Amino acid sequence: VMPKSQSGIVLLVFLIAIALVSAGIYLTSMSAQETGVERDKETRKALKLARQALLAYAASYPDSPQGLANPTQGPGNFPCPDEDFDGDSETNDYVVSAQCNSAGVGVLSRFPWQELGLEELRDGDGELLWYAVSSDFTNFTGGLINTSTIGEITLKDTDGVTLLHDATGIDGAIAVIIAPGKPIVRED
């Protein structure tokens, strides 16, 4: 007895199954890429707001409560970082904490969003922004900011070698806002 000839239905079903699996894989990878793009947009938006607020603070410092408490200071002063995670700069009656003054290098901690009149700023991964400022540019009592005042922060390119700002010379960075991203899980 001769078997009946195949009409191709099994092959057609097999091809449809392969197409569906391929489409699922493609859509999943596209969704992951779109999510990364959205996270990057959120991070850029938060960093831009933080930058604008810091520049506005520095420009209007003499007219701010901090500036009025330090009448010899002109524009160019930046707030200290937030060390206790409440959104406020670490000040006491508009005199900065001992960790954030000209006696030593500036500090690295959280961005003082509340001090700058902003809502809590987070990067695209939901982490609070970090912030470092050179001590000569903080709102400490005494000291003047002029063209001889240099930043104390050294920044390197992503290659870890190329200097973008060199604090040992005359082009150290004054302040840095950092979007930390999600925590890295170590497996050691």
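## Contacts, core and spaces

Thr149 is in contact with Asp136, Phe137 and Leu144, leaving aside neighbours within four places in sequence. Contact here means heavy atoms within 4.5 Å. The model is predicted: local features need pLDDT of at least 70, side-chain atom pairs count only at pLDDT 80 or more, and totals for chains, interfaces and linings use all residues. Residues are numbered from 1 along each chain as its sequence is written, and side-chain values use heavy atoms, with hydrogens and water left out.

**Thr149 and Leu144**

- Thr149 lies in the loop between strand 4 and strand 5; strands (E, at least two residues) and helices (H or I, at least four) are DSSP runs, numbered from the N terminus.
- Leu144 is found in the loop between strand 4 and strand 5 (155–156).
- Thr149 has a relative accessible area of 16%, so it is buried.
- Leu144 reaches 61% relative accessibility and therefore counts as exposed.
- The cut-offs are under 20% relative accessible area for buried, over 50% for exposed, and partly exposed in between (1.4 Å probe, protein chains only).
- Leu144 touches Thr72, Gln73 and Thr149, not counting residues up to four places away in sequence.
- Leu144 and Gln73 are 71 residues apart along the chain, yet their C-alpha atoms are separated by 6.5 Å.

**The largest nonpolar core**

- In soluble globular proteins, nonpolar side chains tend to be buried together.
- The largest nonpolar core here has 16 residues; such a core is a set of buried Ala, Val, Leu, Ile, Met, Phe, Trp, Tyr and Cys residues joined through side-chain atoms within 4.5 Å.
- Leu54, Phe78, Phe111, Leu116, Leu129 and Tyr131 have the most contacts inside this core.
- Helix 1 and strand 4 each supply at least two of its residues.
- Helix 1 gives the largest share of this core, 6 residues.
- Leu116 touches Ala53, Leu54, Tyr57, Pro79 and Phe111, once residues up to four places away in sequence are set aside.

**Aromatic pairs**

- The count comes to 2 aromatic pairs.
- Rings of Phe, Tyr and Trp (its six-membered ring) pair if their centres lie within 6.5 Å; planes under 30 degrees apart count as stacked, over 60 as edge-to-face and the rest as tilted.
- The ring centres of Tyr57 and Tyr61 are 6.0 Å apart and their planes stand at 55°, so this pair is tilted.
- Both Tyr57 and Tyr61 are buried.
- Phe111 and Tyr131 pair edge-to-face, with 5.7 Å centre to centre and 85° between the planes.
- This pair links distant parts of the chain, 20 residues apart: Phe111 is in the loop between strand 3 (108–110) and strand 4 (130–133), and Tyr131 is in strand 4.
- Phe111 is buried at 2% relative accessible area, and Tyr131 is buried at 0%.

**The largest pocket**

- About 160 Å³ of space lies in the largest pocket.
- On a 1 Å grid over the protein atoms alone, a pocket is an open set of points with protein on both sides within 12 Å along at least five of seven lines; in a cavity, a 1.4 Å probe fits but cannot get out; lining residues have an atom within 4 Å of a point.
- Arg51, Leu54, Leu55, Phe78, Ile174, Ala175, Val176 and Ile177 line this pocket.
- Helix 1 (9–59) and strand 7 (175–178) are the elements that give two or more residues to the lining.

**The largest cavity**

- The whole structure holds 1 cavity of 30 Å³ or more.
- The largest cavity has a volume of about 30 Å³, counted as the space filled by probe spheres set on grid points joined across faces, edges and corners.
- Among the residues lining the largest cavity are Asp82, Arg110, Phe111 and Trp113.
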